[in-house]
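Here's a walk through the fold, a couple of helix pairs and a few loop residues. Have the viewer open while you read.

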Amino acid sequence: MLREVLQFSSKIISRYLLLSIVALIPALSWAETRAVDIYSQEQLIELIRTKQYLTRVMGDDCQLVQDIEARAEVLKQPLYQYLWAEMLNHGICVKANPPRGISLLRDSAEQGSAEAMLRIAEYYHDGQFVIQDRDRAIHYVMPAAANGDQPARMMLVRLFGEGYGSPRDFEMGYHWLYNDVFIDEATKHKALELLKVLEQKMPPSAVARAKQEHLRSR
């Protein structure tokens, strides 16, 4: 009799545990698929600067696609135009559509986004999605460099060092980068290497002027 009671109690306990686990499944599923907050402007700039923006979108299980699209296409926010454009260019969470992606990058650049100017310049430098045209790359990166964007200044000096652009602008590009302030030694070392290459294409007098704190006219 005691054995039968124990067996019956065991079955009741097992059934109770099974029901408890089943009841918890929806809560666990909700926790795993919890909503992801849209990125702040500061977060998005950092993601773009570190080239982690597409990895982050995929890491968030593509939950923000509609929000990103709305901010790009409807609100026309430059940084979200950049992000949506890159998702379209590379087929991240959406069907690839480079013509629309490059168009959105241009819209973002026209609104003054240094990040978009630099990205389009990179595409023209490498010939990805567009016909390679490094002079056009200079056209896009120059305004961002003039406004103090350090990555743009480094790319501009790189392009000048490769022999593209007008020699009349070499001194100005050298001056901008030489007098910039760097947050780490690696970036400063890279800048110095780019400047050394450009020096070979400039007369010593132009290099001396460019190194001055304030650029003076000839």
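## Y39 and its neighbours

Leaving aside residues up to four places away in sequence, Y39 touches L44, R56, V57, D60, L64, I68, Y80 and L83. Keep in mind that this is a predicted model. Where does Y39 sit? Look in the loop between α1 (2-32) and α2. Y39 has a relative accessible area of 4%, and since buried means under 20%, Y39 counts as buried.

One of those neighbours, D60, also makes a polar contact with Y39, side chain to side chain, at 2.8 Å. Another one, L64, is 25 residues away from Y39 in sequence, with the two C-alpha atoms 9.2 Å apart in space.

## The overall picture

Zooming out, the protein has 12 helices and 0 strands.

How much of the protein is buried? Out of 218 residues, 36% count as buried. As for contacts, take those between residues at least 6 apart in sequence: 56% of them join residues at least 24 apart.

Start with helix α2 (residues 41-49) and helix α5 (residues 78-90), whose axes come within 10 Å and cross at roughly 45°. That angle makes α2 oblique to α5, and the crossing is left-handed.

Which residues meet here? From α2 you get Q41, L44, I45 and I48, and from α5 L79, Y80, Y82 and L83. Sorted by type, the residues of this α2 and α5 contact come out as 7 nonpolar, 1 polar and no charged.

## α6 against α7

Next up, α6 (98-110) and helix α7 (residues 114-126) pack with their axes 8 Å apart, at an angle of about 135°. That makes α6 oblique to α7. The crossing of α6 and α7 is left-handed.

On the α6 side, the contact is made by I102, L105, R106, S108 and A109; α7 brings A116, M117, R119, I120, Y123 and Y124. The tally for the contact of α6 with α7 is 8 nonpolar, 1 polar and 2 charged.

## Two positive phi values

D61 isn't a glycine, yet its phi is positive, about 60°. You'll find D61 in the loop between α3 (53-59) and α4 (65-73). Is D61 buried or exposed? At 55% relative accessibility, D61 counts as exposed.

C93 isn't a glycine either, and has a positive phi of about 70°. C93 lies in the loop between α5 and α6. With a relative accessible area of 28%, C93 is partly exposed.

## D180, a loop aspartate

Last stop: D180, in the loop between α10 (170-178) and α11 (185-199). Its relative accessibility is 19%, and because the cut-off for buried is under 20%, D180 counts as buried.

What does D180 touch, not counting residues up to four places away in sequence? The answer is Q150 and R153.

Note on methods
Residues are numbered from 1 along each chain as its sequence is written. This is a predicted model: local features need pLDDT of at least 70, side-chain atom pairs count only at pLDDT 80 or more; totals for chains, interfaces and linings use all residues. Side-chain values use heavy atoms; hydrogens and water are left out. Axes are lines fitted to C-alpha atoms, for helices over the stretch in contact, and angles run from 0 to 180 degrees between N-to-C directions. Helices (H or I, at least four residues) and strands (E, at least two) are DSSP runs, numbered from the N terminus. Angles under 35 degrees count as roughly parallel, over 145 as roughly antiparallel, 65 to 115 as roughly perpendicular and the rest as oblique. A crossing is left-handed if the near helix is turned anticlockwise from the far one by less than a right angle, and right-handed if clockwise. Contact means heavy atoms within 4.5 Å. Ala, Val, Leu, Ile, Met, Phe, Trp, Tyr, Cys and Pro count as nonpolar, Asp, Glu, Lys and Arg as charged, and the others, Gly among them, as polar. Buried means under 20% relative accessible area, exposed over 50%, partly exposed in between (1.4 Å probe, protein chains only). A polar contact is a pair of N or O atoms within 3.5 Å; within protein, one must be able to donate a hydrogen and the other to accept it, and residues adjacent in sequence count only if both atoms are side-chain atoms.
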